[in-house]
Structures are given as C-alpha cells and as structure tokens.
Amino acid sequence: MRLRPFALVEPETVPEAVEILARLDGEARVIAGGTALVPTMRLGLVAPDRLVSLHRIAGLSEVRVDKGMLEIGAMTTLAALVRHAIVREGWPLLAHAASRVATPPIRSSATLGGNLCYAEAASDPAPALLCLEAQVRVADSVGERVVPIGEFFTGFYETAVAAGEILTAVRVPPMPEGARAGYVKFCPRSAEDKPLIGVAALVTLDGARRVSDIRLADTDPRAARRSGAAGRDADRCRGSRRRGHRGHRG
Ligand SMILES: Cc1cc2nc3c(=O)[nH]c(=O)nc-3n(C[C@H](O)[C@H](O)[C@H](O)COP(=O)(O)OP(=O)(O)OC[C@H]3O[C@@H](n4cnc5c(N)ncnc54)[C@H](O)[C@@H]3O)c2cc1C
C-alpha cells in the first residue's frame with residue numbers, strides 16, 4: 001500500500017519536540033528509525049498527517065555511564081548498542097538481546113527507544129531490560145519523569161508514554177556482583193524472525209556460591225502465571241517478571 005502524504009517536522013531539541021507534539025494534540029506521531037511505524041502506515045493502520053523526527057536532536061544517540069548507571073539515548077540504534085564496548089563489557093545481557101533483533105539492516109535503523117515505545121510482545125531487548133531493572137526517562141512539555149521498566153509496559157502495544165511525550169533515555173543499573181545472565185529466543189522459522197517467545201534470566205550467586213537472586217522475564221504474557229521462583233539453594237528468589245507485572249518472591 002502507498003503511504004499517504006504527510007509532513008515531516010525535525011525539531012532540534014527535546015523541549016521543541018514536545019512543544020510541537022503538544023501543539024498538534026495527537027495528530028502527529030514521533031518517528032525514530034521508522035522500522036515499525038512505516039510498515040503500519042503502509043498497511044493503513046495509522047495515518048498521521050505529521051511525523052516528528054527525533055534525528056536532529058543532539059544527545060539522544062549518546063551512550064554513557066553516569067554514576068555507575070548505563071545511560072542510553074533513545075535514538076541509539078540497536079546496531080550501535082551491540083557494537084558499544086561499554087555495553088558489551090558491563091551489560092552483556094542487553095548487548096546479546098539487542099543482537100538478536102531481526103537482521104543487520106533493521107538493527108542499523110531501529111532504535112532502542114522505538115523498540116520500547118512500539119511495545120510489541122516480540123521485543124527482544126524488553127526482557128533483558130526487565131531483568132536488569134532498567135528505568136526509562138520520559139519528557140513532556142512540563143519536564144521529565146523516570147518510569148521503572150516494570151511499570152513501563154501497560155498493555156498490548158501500550159506503554160506509560162502518553163501522547164505528547166517522548167522517551168528520551170534508558171538507564172540501566174550495573175549488573176549485581178556475582179551475576180550471570182542470558183537471553184534465549186525461540187523463533188518459528190529462522191533465527192532472524194521475531195521471537196515466538198524470548199526469555200531472559202539473571203542469576204546472582206553469593207560468596208558461598210549459593211543463589212541469592214533469580215530474575216526471569218519473558219516476551220509472552222501467558223508465561224507470567226506459569227513460571228515460579230526457582231533455585232533449590234536460593235535464599236531469595238524472584239519469580240517471573242514481565243511487562244506491567246510485579247514479580248513475586250518465593
Ligand atoms: C522485518 C522486521 C523484523 C523485526 N524483528 C524484530 C525482532 O526480531 N525483535 C524485535 O525486538 N523487534 C523486531 N522488529 C521490530 C523493530 O525492530 C522494532 O520495533 C524497532 O526497534 C522499532 O524502532 P524504530 O526506531 O524503528 O521505531 P519507529 O518505527 O520509528 O517507532 C515505533 C513506535 O514508537 C514510537 N516512538 C519511537 N521512538 C519514540 C520515542 N523516543 N519516544 C516516543 N515514542 C517513540 C513511534 O511513534 C512509533 O509508534 C522487527 C521489525 C521488522 C520490520
């Protein structure tokens with residue numbers, strides 16, 4: 001299907017972008033890499049008459065460490081995230097999960113902010129960020145707020161980012177000392193497909209090499225009821241933790 005004509009607005013600062021979104025009052029859509037938005041526009045599922053591009057906003061593609069927290073600008077592409085030495089070394093779970101998204105051409109356009117705001121149940125980075133207990137920075141015309149990732153996903157393709165707001169960055173605490181983590185993705189056909197289900201796990205051992213903490217997160221809404229806390233030697237375990245649901249302790 002052909003795209004319907006639209007105007008492109010390219011603000012150069014976050015305040016300018018949120019001011020434009022507030023002024024257009026729901027008629028405009030933010031565009032980042034466009035890998036999710038453009039196909040939905042082609043299908044006619046959304047038909048915004050204005051797109052507000054975040055590409056010219058300086059600083060939104062920065063990756064840095066701030067007081068031990070990894071801070072990833074919303075416009076950081078998944079390819080840049082996977083390549084980044086700091087991320088690979090300190091947050092290998094996130095680098096690995098991002099590397100499992102689609103194909104190199106998609107990863108070089110798709111942004112982390114776009115992936116989270118699209119809020120598809122097939123997001124590979126989301127379970128990793130849930131296990132890492134990340135936070136999301138959200139800006140609007142009056143300022144900025146911080147949303148824990150566990151409260152960010154509010155439903156099917158729905159997030160805590162309201163119309164007129166912009167996700168500006170993702171903050172990720174350091175991996176707990178003694179932690180090991182992994183992400184496994186099950187695909188219907190090829191390894192490059194969207195996951196049928198993806199599961200991230202983070203297990204922390206204490207000084208006596210006993211399990212002191214287990215965090216599990218997945219892409220499948222049904223799994224929240226299925227999985228329980230684990231670890232025979234666990235002093236403290238966390239059970240399944242998925243979008244919008246608090247984990248439970250066993
Ligand atoms: C063929 C194909 C295969 C794919 N395979 C996978 C896969 O295996 N795993 C996976 O996780 N994903 C997969 N995806 C999904 C895609 O990679 C993600 O959705 C992508 O990361 C979206 O990022 P983007 O920058 O392109 O977002 P866009 O398409 O630009 O935007 C997506 C949505 O988020 C909003 N948005 C974007 N950025 C912001 C922001 N900073 N603040 C507020 N709102 C914002 C937009 O308005 C739009 O509604 C696939 C997509 C395609 C087309």
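First, the ground rules. This is a predicted model: local features need pLDDT of at least 70, side-chain atom pairs count only at pLDDT 80 or more, and totals for chains, interfaces and linings use all residues. Residues are numbered from 1 along each chain as its sequence is written.

The overall picture. The chain has 9 helices and 13 strands. Those are DSSP runs, numbered from the N terminus: helices are H or I with at least four residues, strands are E with at least two. Of the 250 residues, 39% count as buried. Buried means 20 or more other C-beta atoms within 10 Å of the residue's own; exposed means 12 or fewer; partly exposed is in between, with C-beta atoms placed from the backbone. Now contacts: two residues are in contact if their C-beta atoms, placed from the backbone, lie within 7 Å. Among contacts between residues at least 6 apart in sequence, 57% join residues at least 24 apart.

On to the ligand. Which residues come nearest? A32, G33, A110, G114 and N115 do, out of 31 residues around the ligand. Near here means a C-beta atom, placed from the backbone, within 6 Å of the molecule. Two or more residues each come from strand 2 (28-31), helix 2 (37-42), helix 6 (104-109), helix 7 (112-118) and strand 10 (166-172). Helix 7 gives the most, with 5 residues. By class, the shell has 18 nonpolar, 9 polar and 4 charged residues. For that count, Ala, Val, Leu, Ile, Met, Phe, Trp, Tyr, Cys and Pro are nonpolar, Asp, Glu, Lys and Arg are charged, and the others, Gly among them, are polar.

Why does the ligand lie between two domains? Domain 1 (7-53) and domain 2 (63-172) both give residues to its shell, so it lies between them. The domain bounds come from an automatic or database domain assignment.

Stay with strand 10. 6 of its 7 residues are buried, so strand 10 is largely enclosed by the rest of the structure. Strand 10 pairs with strand 5 in the antiparallel sense, over 4 bridges. Two strands pair if DSSP finds at least two bridges between them. In that pairing, E71 has R171 as its bridge partner. Strand 6 also pairs with strand 10, antiparallel, over 5 bridges. There, R137 stands opposite A169.

Strand 6 (135-140) also holds A139. A139 is buried, with 20 other C-beta atoms within 10 Å. Leaving out residues up to four places away in sequence, A139 touches V14, V18, E144, E165, I166 and T168. A139 and V161 are 22 residues apart in sequence and 8.9 Å apart in space, C-alpha to C-alpha.

Strand 11 joins strand 12 (197-205) through 8 bridges. Within that pair, Y183 stands opposite A200.

What lies across strand 11 and strand 12? Helix 5 is mostly covered, with 6 of its 8 residues buried. Those are L93, L94, A95, H96, A97 and A98. They pack against helix 3 (78-83), helix 4 (85-90), helix 8 (125-131), strand 10, strand 11 and strand 12.

K67 has a positive phi of about 50° although it is not a glycine. K67 lies in the loop between strand 4 (63-66) and strand 5 (69-73). Is K67 buried or exposed? With 6 C-beta neighbours inside 10 Å, K67 counts as exposed. A119 is not a glycine, and its phi is positive, about 55°. A119 sits in the loop between helix 7 and helix 8. With 21 C-beta neighbours inside 10 Å, A119 counts as buried.
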